[in-house]
Amino acid sequence: MGYIQEARENHVKKKVEEALRSKMKQKALKECDKYCAKYAECATGRTFSVVWRCRKQAKELNECLHQYTNDSILEEMKRSYVLEQEKQEQK
């Protein structure tokens, strides 16, 4: 399948894409809750020093979040949305 054809098949409206991104981010935060808590605990009571004191926790959190928030995940969500819309149109 060509790139242009694939892009057309996964094309969704801007508002739908924003909603899918939001859903993706919510899922990522839920899945990475353990790392969020570790980072928040480290950052508590700190201001500027949080940058270097919590570097390890921030890196762990970002690595976890990236697993759930990347372009391939978004494209898969778009593909699922488009298929679901097509099924509803056929009914």
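C42 counts as buried, at 10% relative accessibility; buried means under 20% relative accessible area, exposed over 50%, and partly exposed in between, with a 1.4 Å probe and protein chains only. The residue lies in helix 3 (residues 33–43). Helices are DSSP runs of H or I with at least four residues, strands are runs of E with at least two, and both are numbered from the N terminus. Leaving aside neighbours within four places in sequence, C42 is in contact with R53, C54 and Q57, where contact means heavy atoms within 4.5 Å. The C-alpha atoms of C42 and K56 are separated by 9.9 Å, and these two residues are 14 apart along the chain.

This is a predicted model, in which local features need pLDDT of at least 70 and side-chain atom pairs count only at pLDDT 80 or more, while totals for chains, interfaces and linings use all residues. Residues are numbered from 1 along each chain as its sequence is written, and side-chain values use heavy atoms, with hydrogens and water left out.

The protein has six helices and zero strands, so its elements run α-α-α-α-α-α from the N terminus on. Of its 91 residues, 23% count as buried. Among contacts between residues at least 6 apart in sequence, 70% join residues at least 24 apart.

Helix 2 (residues 14–31) packs against two other helices, helix 5 (residues 55–68) and helix 6 (71–90). The table gives the geometry. Axes are lines fitted to C-alpha atoms, for helices over the stretch in contact, and angles run from 0 to 180 degrees between N-to-C directions.

| Helix pair | Axes come within | Crossing angle |
|---|---|---|
| Helix 2 and helix 5 | 9 Å | roughly 135° |
| Helix 2 and helix 6 | 10 Å | roughly 125° |

Helix 2 is oblique to helix 5 and oblique to helix 6. Angles under 35 degrees count as roughly parallel, over 145 as roughly antiparallel, 65 to 115 as roughly perpendicular and the rest as oblique. The crossing with helix 5 is right-handed, and the crossing with helix 6 is right-handed; the term applies if the near helix is turned clockwise from the far one by less than a right angle, and left-handed if anticlockwise.

With helix 5, the contact is made by M24, A28, L29 and E31 of helix 2 and by C64, L65 and Y68 of helix 5. These residues divide into six nonpolar, no polar and one charged. Here Ala, Val, Leu, Ile, Met, Phe, Trp, Tyr, Cys and Pro count as nonpolar, Asp, Glu, Lys and Arg as charged, and the others, Gly among them, as polar. With helix 6, V16, E17, L20, R21, K23 and M24 of helix 2 meet I73, L74, M77, K78 and Y81. That contact has seven nonpolar, no polar and four charged residues.

The largest nonpolar core has seven residues: V12, V16, L20, M24, L74, M77 and V82. Such a core is a set of buried Ala, Val, Leu, Ile, Met, Phe, Trp, Tyr and Cys residues joined through side-chain atoms within 4.5 Å. Helix 2 and helix 6 each supply at least two residues of this core. Apart from it lies another core of five residues, among them C32, L61, C64 and L65. M24 touches Y68, T69, N70, I73, L74 and M77, not counting residues up to four places away in sequence.

Q26 also lies in helix 2 but is exposed, with a relative accessible area of 54%. The C-alpha atoms of Q26 and Y68, 42 residues apart along the chain, are separated by 9.6 Å.
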